[in-house]
Structures are given as structure tokens and as C-alpha cells.
Amino acid sequence: MKFRPAAAPLKGELHVPGDKSISHRAVMFGSLASGTTCIENFLKGADCLSTIDCFRRLGIRIEEKAEEIYIYGNGLHGLKEPKEILDAGNSGTTTRLISGILSGQSFETTLTGDASIQKRPMGRIIEPLSQMGASIESLSGNGCAPLRIQGRPLRGISYTSPVASAQVKSAVLLAGLYADSPTSVTEPSLSRDHSERMLHYFGAQIERKGTKAAILPGSRLEGRKVMVPGDISSAAYFIAAASIVPGSQVLIRNVGVNPTRAGILKVCEKMGADIQIFPCREDSGEPTADLLIKSAPLKGCVIEGSLIPTLIDELPILAVMACFAQGTTVIRDAAELKVKESNRIDVMTENLLAMGAHVTPAEDGMILEGGFPLHGALIDSHLDHRIAMSFAVAALQAEGETEIRGSQCVQISYPGFYQDLQRLQN
């Protein structure tokens with residue numbers, strides 16, 4: 001797709017799609033629960049649909065209606081051996097979390113995904129799950145999918161994770177449901193806690209203290225109604241767009257503001273963005289708010305440390321915002337960017353340089369000098385949805401035409417993104 005600079009300020013209000021992380025988990029936990037789970041505002045993006053497909057192949061009846069998804073759970077031990085290989089598509093969340101569940105089953109499963117998933121590291125879940133007694137083999141021998149998982153009786157462990165990763169933590173806790181004793185995960189800093197909140201909501205016996213989460217085995221999960229809040233990762237693009245296009249004012253309704261996910265709001269405050277937060281309510285254990293964003297002069301800042309796990313998916317769009325801020329922005333402690341859908345350090349650097357930005361890559365992040373004008377360029381998204389959306393926003397304030405290759409990859413998390421962006425310009 002081709003993009004031109006915004007001809008006028010962005011004005012209006014919108015609802016962004018349901019939170020991707022919460023949508024995944026609602027399907028998974030609903031499938032392991034007894035009874036019916038009704039999910040409202042489910043994200044019907046490609047990644048979450050991959051999760052639905054996998055659990056259907058595991059014998060779960062799932063109905064997709066216009067406004068809701070109904071999961072007819074069979075209980076913790078109600079999954080059935082699939083007749084075919086499970087395909088997680090482009091979804092790392094599906095791949096890693098379902099591996100924890102499959103490790104405790106009584107059957108063998110082969111799990112794969114697309115070319116990107118087959119390059120993403122799975123050793124970080126294979127190690128702790130193997131400590132629990134799981135049998136997981138990387139069929140390519142490189143620690144990546146495809147994975148062959150032979151379900152076995154599991155033992156509880158106390159695992160200290162070398163990385164703050166919600167996917168690692170969730171995989172181990174889900175395997176802990178099938179273990180013979182309590183299982184805990186301690187992280188170097190707290191990653192997003194959607195799994196802990198939702199497991200508690202579904203009735204699991206789970207405890208949290210600091211960066212440690214522990215679960216008791218055999219917890220009976222009960223079907224629930226889940227209202228999925230708007231995804232703050234999707235809202236991030238409009239926060240950035242309204243901040244950098246002069247005269248803009250955008251209201252985003254019903255956004256999830258879970259503290260373990262809302263690091264972007266803290267960084268925007270440091271950068272001088274004009275964001276008003278109107279708390280709404282708590283749905284299914286998750287706090288939500290309306291966000292009113294007005295354009296404002298931005299300044300550079302340092303993004304590091306314990307903030308990184310709370311905004312890892314927003315770092316590409318924050319890098320774009322940094323280009324329009326006065327001064328230097330430093331992103332560090334974010335080596336995790338290298339093992340996302342693409343190597344986001346390399347891809348962001350390559351594309352920002354093509355637009356005339358002053359950016360220097362680092363081993364664990366990047367350094368950006370703001371205040372230099374951007375110009376249109378040919379952008380390669382590397383089929384990474386967050387790269388494509390970030391550069392669609394950058395194009396709003398770049399001189400000339402910007403073309404994004406692989407722009408259709410936004411279907412993974414935000415199928416209506418381009419339409420919403422265009423609507424705010426009319």
C-alpha cells in the first residue's frame with residue numbers, strides 16, 4: 001500500500017480491536033474449563049483464529065457468532081488427540097502456551113507454524129517444561145518449531161526464568177495444572193500478568209507475590225463470560241499518530257490499561273505527550289479506560305529496565321515517535337526485539353534510515369536523534385504487523401509518498417487498521 005502525509009489533523013473517536021493476549025487466553029482457558037465460556041469483543045485476527053483452530057482440532061466445540069465466541073469446554077482432561085498436525089500460523093503465543101498444555105496430556109501432538117514461527121526460539125519453554133518431565137523435541141534440531149510433544153505425567157517445579165516473558169511464565173503455569181505438586185515461576189522483572197488474572201477469574205488456585213507466580217495442580221476451571229478490553233498495543237498507533245500530527249485530537253474507548261501492559265503510557269508521559277486517562281471499570285479482572293490524545297511537542301527520553309516487558313510490542317511505534325521528538329531517545333535492555341516476528345532492531349533501523357531518520361542500532365535496542373524531517377521511502381515490513389502499522393503512522397508526517405511492502409500482514413492483529421487510520425483523516 002502507498003501512503004501520503006496527513007492533509008489535516010486527525011479527529012474523532014474509535015474502538016480498537018480486542019486485546020490479542022487476552023483473546024488467546026480466553027479461548028485456551030475456556031477450552032480447559034467445565035461448562036460454557038462466552039467471549040465478547042474477541043480479536044478476530046489471524047493469530048487468535050489460529051488458537052481457535054488448534055483447540056477445535058483438540059476436540060473442543062467452538063462457535064463463532066457476530067458478537068461473541070462460545071467455547072464449550074470439556075474440563076482439564078477433556079482434550080482429544082488431534083488427527084492432524086496443529087498449525088499455530090504466525091502466533092508465538094499460541095505455540096508457547098499450548099505447548100505447556102499439551103505437555104500434560106495423555107497423547108502425542110506435533111505442533112508447527114509458518115516460516116517466521118519456525119525461526120523463533122522455543123528453547124525458552126522447552127527447558128522448563130522438560131524439567132517438569134515433559135517430552136518435547138524440536139524436529140528440525142534447532143530449538144524451534146515444528147515440535148513433537150509426547151504428553152507425560154508432570155512434576156511441579158520452582159522455575160527461575162532468565163527472561164521476563166509472559167509466554168514462558170504462562171506455558172509453565174499451564175503445565176502446572178497437570179503437575180503432581182505446586183509449580184512456580186520467578187522472573188527478573190514482572191511480565192504481563194493476563195494469565196494469572198484470568199486463571200484466577202476461571203477458578204484456578206494461583207498466588208502472586210512480586211515477580212513470582214505459583215499455581216496448585218488440579219484446579220477446576222469453570223466457564224465464564226469474558227469481556228475483552230481494547231488492545232493497548234493497537235491503541236498505541238493512534239496515540240502516536242495523534243501526538244505527532246499537529247492539531248489532532250483522538251478519543252480511544254475502552255482500552256485495557258493493565259499496569260503490566262501500560263508502559264507506553266508512562267513513556268508517553270516522559271516524552272511530554274498530552275494523554276488524558278478516564279478510568280472506566282474492571283472487566284474479567286482487567287482494568288479499562290478511555291484515552292483522549294491531543295497533539296503535543298515531544299522530547300526524547302530513555303526507555304529501559306523494568307519498563308521494557310510492559311511495552312515490548314510498542315517499541316517500534318515508540319521509535320517512530322522518537323523521530324518527531326526533540327533530543328535523543330535511547331532504547332536499551334530490549335534484546336527481545338530480535339526474536340519477534342522479525343528482528344525488530346534491524347528492521348526498524350533499516351526502514352527508519354530509508355526515511356532519513358538519525359538512528360543507530362545497538363545490541364539491545366537503538367539510539368534515535370529526533371527533530372530531523374522524514375521523507376517517503378519504500379518500506380519492507382518483513383511481514384511483521386507491528387512494523388507495517390508503525391510506518392503507516394510515520395508516513396503521516398513524512399514528505400512525499402511511502403510504500404509499504406507486505407502491508408496486508410496487519411491482518412494478524414488489526415484487520416481494520418488502515419480503514420480506522422483513514423477515517424480519522426476525513
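This is a predicted model: local features need pLDDT of at least 70, side-chain atom pairs count only at pLDDT 80 or more; totals for chains, interfaces and linings use all residues.
Reader: Okay, and is the crossing of H1 and H6 left-handed or right-handed?

Author: H1 passes H6 in a right-handed crossing.

Reader: Which residues meet there?

Author: From H1 you get Ser21, Ile22, Arg25, Ala26 and Phe29, and from H6 His194, Ser195, Met198 and Leu199. The residues in this contact of H1 with H6 divide into five nonpolar, three polar and one charged.

Reader: What about Lys20, where does that sit?

Author: Lys20 belongs to helix H1, which covers residues 20-32.

Reader: Buried or exposed?

Author: Lys20 has a relative accessible area of 10%. Buried means under 20%, so Lys20 counts as buried.

Reader: What is Lys20 in contact with, leaving aside its neighbours within four places in sequence?

Author: Quite a list: Leu43, Asp47, Cys48, Asp231, His385, Arg386, Ile412 and Ser413.

Reader: Switching to strands. Which residues of S9 are on its covered face?

Author: In S9 (residues 147-150), Leu147 and Ile149 are on the covered face, while Arg148 and Gln150 are on the uncovered one.

Reader: How many bridges join S7 to S9?

Author: Four, with S7 (residues 108-112) and S9 running antiparallel. Leu111 stands opposite Leu147 of S9 there.

Reader: And how many join S8 to S9?

Author: Four bridges join S8 (residues 135-138) to S9, and that pair runs antiparallel. Here Ser135 has Gln150 in S9 as its bridge partner, and Gln150 is on the uncovered face of S9.

Notes: Residues are numbered from 1 along each chain as its sequence is written. Side-chain values use heavy atoms; hydrogens and water are left out. Buried means under 20% relative accessible area, exposed over 50%, partly exposed in between (1.4 Å probe, protein chains only). Helices (H or I, at least four residues) and strands (E, at least two) are DSSP runs, numbered from the N terminus. Two strands pair if DSSP finds at least two bridges between them. Contact means heavy atoms within 4.5 Å. A crossing is left-handed if the near helix is turned anticlockwise from the far one by less than a right angle, and right-handed if clockwise. Ala, Val, Leu, Ile, Met, Phe, Trp, Tyr, Cys and Pro count as nonpolar, Asp, Glu, Lys and Arg as charged, and the others, Gly among them, as polar.
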